[in-house]
Amino acid sequence: MAGSGGLGGGAGGGQGAGTGQGAALRGPRAPLLLAALVLGAYCLCALPGRCPPAARAPVPAPAPAEPLRAVGPRGAPGLPVASGPGRRRFPQALIVGVKKGGTRALLEFLRLHPDVRALGSEPHFFDRSLMPRTLDGQITLEKTPSYFVTREAPGRIHGMSPDTKLIVVVRNPVTRAISDYAQTLSKTPGLPSFRALAFRHGLGPVDTAWSAVRIGLYAQHLTNWLRLFPLSRFLFVSGERLVSDPAGEVGRVQDFLGLKRVVTDKHFYFNATKGFPCLKKAQGGSRPRCLGKSKGRPHPRVPEAVVRRLRDFYRPFNRRFYQMTGQDFGWD
């Protein structure tokens with residue numbers, strides 16, 4: 001029955017068999033033919049001018065290139081950064097501290113060097129678009145004095161580049177604290193006295209919670225950095241010698257950065273009115289230039305008893321800092 005049924009199906013419908021075979025042959029050809037027609041139409045329309053405007057999808061015009069913008073804190077847009085030759089890169093060297101130590105003066109002195117390109121402002125964070133363009137052989141330098149006392153800064157800088165060279169400008173912590181207070185007082189005239197802020201309960205314990213005092217604990221801050229960076233990555237610049245011998249201190253910095261000693265004593269003169277050295281010729285100018293009015297402001301009078309108590313407080317921290325750096329800054 002199985003065989004008969006099979007034969008009966010084939011023999012009993014000779015024409016039907018022929019029709020089925022033709023259908024089997026025509027079935028695959030239909031979609032192939034349709035695909036060929038669609039492909040041909042697409043290729044024809046792809047040629048310029050061969051399709052009506054509605055048949056081609058419009059191609060959007062390229063958007064105009066926006067100027068590279070500095071990114072402010074928390075992603076806020078900043079000002080456009082000018083274009084020019086060279087390329088932007090993360091700084092190879094940083095002036096990381098300290099506030100009121102002489103960091104601005106050092107930055108301006110170093111900007112005289114043709115192989116140093118430095119950001120004039122203090123970004124307080126890293127963003128390559130903020131950096132000036134540098135050519136091969138030039139060093140990108142940045143200054144933010146708060147880095148030295150910011151606990152997160154060493155890790156972030158190390159993550160950027162563990163080979164970054166770190167410059168710390170330090171100054172007698174008592175004088176630095178008074179200078180810090182003078183700057184704040186100029187902006188906030190109703191500020192309590194230096195004595196009231198520096199000590200608890202009259203001349204009681206020194207208040208290390210006050211930033212003007214806390215910044216001067218150099219040994220503690222350096223300990224935080226030495227967890228990630230070897231001492232060889234640091235150069236410690238004396239704020240006092242930057243005033244008394246600017247060419248000598250700037251010479252040390254140029255050596256540390258691997259630069260030729262281009263900035264020398266011929267670039268400086270001492271301004272008796274301000275009490276610190278100024279430039280005989282500023283970068284890009286032809287006239288002498290001193291730092292602005294905010295630099296060299298007179299210090300408020302602080303009672304000798306207050307100064308003496310602070311000296312006693314800082315002495316063990318200073319001596320530890322001397323041991324850590326291998327330099328005696330002569331503050332005691």
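Helices (H or I, at least four residues) and strands (E, at least two) are DSSP runs, numbered from the N terminus. The model is predicted, so that local features need pLDDT of at least 70 and side-chain atom pairs count only at pLDDT 80 or more, while totals for chains, interfaces and linings use all residues. Residues are numbered from 1 along each chain as its sequence is written, and side-chain values use heavy atoms, with hydrogens and water left out.

**Exercise 1.** Determine how arginine 252 and glutamate 249 are placed relative to one another in helix 10.

*Solution.* Begin with the contact: their side chains form a salt bridge at 3.1 Å, N to O, where the term requires a side-chain nitrogen of Lys or Arg within 4 Å of a carboxyl oxygen of Asp or Glu. Next, locate both residues in helix 10 (residues 246–256), where they are three residues apart and thus separated by about one helical turn. Finally, compare the cover: arginine 252 is partly exposed at 25% relative accessible area, whereas glutamate 249 is buried at 4% (buried is under 20%, exposed over 50%, partly exposed in between, with a 1.4 Å probe and protein chains only).

**Exercise 2.** Trace the network of salt bridges that links Lys99, Arg176 and Asp180.

*Solution.* Take lysine 99 and aspartate 180, whose side chains meet at 3.1 Å, N to O. Lysine 99 lies in the loop between strand 3 (93–97) and helix 3 (103–110) and aspartate 180 in helix 5 (residues 173–187), so this pair ties together parts 81 residues apart in sequence.
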